[in-house]
Amino acid sequence: MDVILHCDANSFYASCEVVQRPELQGLPVSVGGDQEARHGIVLASTVEAKKYGVKTGMALWQARELCPRLIILKPDFRLYMEMSRRLRQMYQEYSPRVESYGLDECWLDLSEPGMTMTEGKHVADTLRERAKDELGLCLSVGVSFNKIFSKLGSDYQKPDATTVITQDNYKSIVWPLPVSDLMFVGPRTTLKLRQKMINTIGDLAATDANLLRGWFGKVGVMHYANANGLDRSPVMETGFESAIKSIGNSTTTPIDMLTCEDVKCVITLLSESVSTRLREAGLQGRCISLYLRDTDLKTVGCQITINHDTALCDDICKIAMDLFTHRGYQAMLPLRSAGVSVSTLRSTMTAVQLDLFGMTIRRDKLEHVERAVDDIRRRYGMQSVLRGNVMAQRAFSKINPYNDHVIHPVPWYAG
DNA sequence: TCTGGGGTCCTAGGACCC
DNA sequence: TCTGGGGTCCTAGGACCC
């Protein structure tokens with residue numbers, strides 16, 4: 001029988017902090033993202049903080065208004081990654097197929113001949129006990145016959161609960177829930193569905209699949225299948241990692257970017273981080289994207305595909321700046337946020353064609369220089385080497401996209 | 001002074017080639 | 001010379017996840 005568990009560590013970031021610092025137990029604690037920028041948000045909160053209405057995604061200043069005593073901590077991703085690793089290690093004792101979904105969620109596939117939902121629930125309860133005893137973390141677990149329903153089950157009751165959704169009871173448990181509870185049904189889709197009088201997952205399940213295809217394309221067909229318990233996407237083998245498709249950094253600056261020089265400074269910093277991360281991953285790419293957000297929060301993105309792969313900061317920065325200047329984005333100044341990313345990636349191991357004009361040699365030299373800088377920065381910190389145009393811009397030079405970025409991959413789209 | 005940052009996939013239109 | 005179909009690549013934008 002197919003038995004799939006979805007384990008969700010409740011308030012993961014905040015809980016990790018409390019585990020490490022027991023004196024915070026019982027106090028309202030939140031972990032805040034990006035406190036240096038103006039619009040830091042709440043990444044996670046303890047139960048005590050939630051009592052005041054503090055929620056994930058809320059601006060930090062709003063959270064402080066709701067709860068003046070709120071203790072706001074800087075995120076410590078090293079700690080979260082370590083706790084995440086220990087959790088996964090525990091899960092792996094129960095299944096050879098443990099698929100991570102972010103740092104705090106996993107699917108476990110217990111399917112095998114003779115397996116039952118009852119046994120699945122037993123494993124779920126055991127995991128919750130062990131997580132509490134051995135790691136100090138609280139889990140909510142969904143047990144079901146597919147990934148979508150097990151995920152829904154782990155959201156159904158929290159914190160610290162197991163929910164079992166079977167072929168026999170899903171119509172009574174799942175169908176009365178609002179459509180927005182279904183994975184991949186976000187705010188926009190919910191709104192569109194509501195306008196068509198489709199409010200519950202049951203309503204969605206009863207809607208003609210072709211109608212949904214007409215409204216939402218192939219994603220609509222996926223919604224139909226998910227609502228009807230027809231999802232059969234596999235839980236990936238432990239250790240499976242999907243290929244990286246893009247590497248990028250973006251940042252909301254401490255003060256608005258007012259001039260082209262400001263923008264250049266920020267784009268330089270972003271490009272340096274992206275370039276270093278590409279080298280670390282052994283990747284290079286040929287599609288360079290620029291993203292900008294102005295003070296009205298209007299965002300635009302543009303991209304260009306060049307005729308060679310690159311991981312050079314020099315290239316990435318120059319091309320991103322070309323996009324900025326040659327497409328009239330100066331008109332968007334002042335800017336609040338900017339991003340640079342590289343996609344259409346290839347492994348550096350893949351052989352490159354040598355050109356006849358010495359370009360390859362020149363690029364090799366540049367790469368040597370950039371690698372040397374990587375090395376110095378690894379040893380003495382990111383600020384140990386700064387470009388001239390960056391050093392000149394005091395307000396932006398302390399932005400550190402490389403250190404701030406969160407390793408938090410969320411692959412898999414059931415489409 | 002109102003949602004940060006890092007990703008993935010899908011779609012539609014245009015360009016270009018056969 | 002004109003027309004149509006099909007495939008692929010590129011770009012912008014939308015939607016979703018944690």
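Residues are numbered from 1 along each chain as its sequence is written, and chains are lettered from A, with ligands numbered from 1, in the order in which they are written. Because the model is predicted, local features need pLDDT of at least 70 and side-chain atom pairs count only at pLDDT 80 or more, while totals for chains, interfaces and linings use all residues; side-chain values use heavy atoms, and hydrogens and water are left out.

**Domains**

Chain A is assigned domain 1 (4-9 + 79-227), domain 2 (12-76) and domain 3 (246-404), with bounds that come from an automatic or database domain assignment. The centres of domain 1 and domain 2, taken over C-alpha atoms, are 26 Å apart. Their contact (heavy atoms within 4.5 Å) takes 11 residues from domain 1 and 11 residues from domain 2.

The size of an interface is often given as the accessible area lost when the parts come together. Domain 1 and domain 2 bury about 940 Å² between them, 74% of it on carbon and sulfur atoms. This buried area is the accessible area (1.4 Å probe) that two parts lose on being put together, summed over both. Leu79, Tyr80 and Leu137 supply 63% of the area that domain 1 buries against domain 2, more than any other three residues. Helix H4 (residues 77-91) gives the most to the side of domain 1 that touches domain 2, with five residues. Helices (H or I, at least four residues) and strands (E, at least two) are DSSP runs, numbered from the N terminus.

Across this interface of domain 1 and domain 2, the rule finds zero salt bridges, a salt bridge being a side-chain nitrogen of Lys or Arg within 4 Å of a carboxyl oxygen of Asp or Glu. The rule does find three residue pairs in polar contact, both residues at pLDDT 80 or more. A polar contact is a pair of N or O atoms within 3.5 Å; within protein, one must be able to donate a hydrogen and the other to accept it, and residues adjacent in sequence count only if both atoms are side-chain atoms.

**Helix H8**

In helix H8 (residues 187-195), Thr189, Thr190 and Leu193 are buried. They lie on the same side of H8 because they cover an arc of only 100 degrees around the axis, where the arc is that of the directions from the helix axis to the C-beta atoms. Pro187, Arg188 and Gln195, on the other side of H8, are exposed. Buried means under 20% relative accessible area, exposed over 50%, and partly exposed in between (1.4 Å probe, protein chains only). The cover over the buried residues of H8 includes helix H9 (201-205), helix H10 (209-216) and helix H11 (218-227).

**Backbone features**

Most residues other than glycine have a negative phi, and most peptide bonds are trans.

| Residue | Phi |
|---|---|
| Phe184 | about 75 degrees |
| Met197 | near 65 degrees |
| Leu297 | near 65 degrees |

Phe184 is placed in the loop between helix H7 (170-173) and H8, and Met197 follows H8. Leu297, in the loop between E10 and strand E11 (299-310), is partly exposed, with a relative accessible area of 48%.

Cis peptide bonds, with omega about 0 degrees, join Lys158 to Pro159 and Leu333 to Pro334. Pro334 is found in the loop between helix H13 (313-326) and strand E12 (335-347).

**Asp294**

Asp294, in strand E10 (residues 283-294), is buried, with a relative accessible area of 9%. Not counting residues up to four places away in sequence, Asp294 touches Met332, Pro334, Leu335 and Arg336. A polar atom of the Asp294 side chain lies 2.9 Å from the backbone nitrogen of Asp296.
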